[in-house]
Every structure is written in structure tokens, then in C-alpha cells.
Amino acid sequence: MGVEQKLGDMGVVTTTLEQAVNWARTNAMWPMLFGLACCAIEMMASQAAHYDLSRFGMELMRASPRQSDLMIVAGRVSQKMAPVLRRLYDQMPEPKWVIAMGDCASTGGVFNNYAVVQGVDEIVPVDVYVSGCPPRPENLIHGIITLHEKVRGEKITDWNG
């Protein structure tokens, strides 16, 4: 009794290289910690057992940019922190993505002054914005799912950087 008899006629599975690579990229994203304010607590809660980001292939948050391909900027970015943010982004390997988590990271929030960057998209390119002050873990998970949909739609011609 062989495997063929137990499984039956399963047919042939076909896919494209594009779909296979994009599937692998979405199911093995490694986020980097960049929690700067109260949004970081919600980001940590999304990693805990109740929300469990592990089901998306994000077993743990990385502290090194060289081991990460997703930067989640959680909280307000000061003018002094902006060059550090850019340096860490530049050290991340390609392909890389950025999520701006919370109103402060997206638009500066209630801090409309000279010391806070009015949106992290002035420093690094942002792929997904997660709204809220602070956003709940469900919002971050929705942002991650939105990013996954974006990555699944990428074409080979987009991969050259």
C-alpha cells in the first residue's frame, strides 16, 4: 500500500515563482523593535499570547536591523532620533518594509512643535499606516495583514529595489 493509494488522486499543484516567493516573504517577516512611546506597549501586547503574532510567522521581535525586514515605528520620533531611525533603516537588508504605528508616527500626533518629526514618512518610506492613539493590537494586526496583501501583489519587476 503506497502513498498514492492513501492520498488518492490529488492532481498537480502549480504556481508561479512570484507567488511562491511572495508567500514565503509574508509568512516569514521578522519585525524590528522601534518602540518610542506608548504605542510600544500595544506593540508588545500584540506579541503576547492573547493576540499572538507568531501565527503570522513573527516569532519574536528582532533588536538588530540586519536580522529584520519589517520596521514597526511605534510612537513619536524626535528630531534627535530621526538620524538613528534612518541609519537603522539603511542597515536592514532588502526587501524591507515599514509600518508607522499610531498617530504620532504617522502625523506627529498632538505634538505639533519643532522637536517632533511630523510623520515618519519624512525620514523613511512608509508602506502601511496604523491609526489610533495608541492603536490597539487588533489595529496593528490589521496593518500587518494589509502589508501582507501588498507584498503578495508584488511583481518580479518590482524586486530589483
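Predicted model: local features only at pLDDT ≥ 70, side-chain atom pairs only at ≥ 80, totals over all residues.
Residues are numbered from 1 along each chain as its sequence is written, and side-chain values use heavy atoms, leaving out hydrogens and water. Strands (E, at least two residues) and helices (H or I, at least four) are DSSP runs, numbered from the N terminus.

- (Buried means under 20% relative accessible area with a 1.4 Å probe, protein chains only.)
- In a regular strand, side chains alternate between the two faces of the sheet.
- Both faces of S3 are covered, with Trp-97, Ile-99 and Met-101 on one side and Val-98 and Ala-100 on the other.

**Strand neighbours**
- S2 (residues 70–74) runs parallel to S3, paired over 5 bridges; pairing takes at least two DSSP bridges between the strands.
- Ala-74 has Met-101 of S3 as its bridge partner.
- S4 (residues 128–130) also pairs with S3 in the parallel sense, over 3 bridges.

**Helix H4**
- Which residues of H4 are buried? They're Ala-82, Leu-85, Leu-88 and Tyr-89.
- These cover an arc of only 130° around the axis, so they sit on the same side of H4; the arc uses directions from the helix axis to the C-beta atoms.
- S1 (31–32), S2 and S3 are among what covers those buried residues of H4.

Methods. Buried < 20%, exposed > 50% of the residue type's maximum accessible area, 1.4 Å probe, protein only. Contact = heavy atoms within 4.5 Å.
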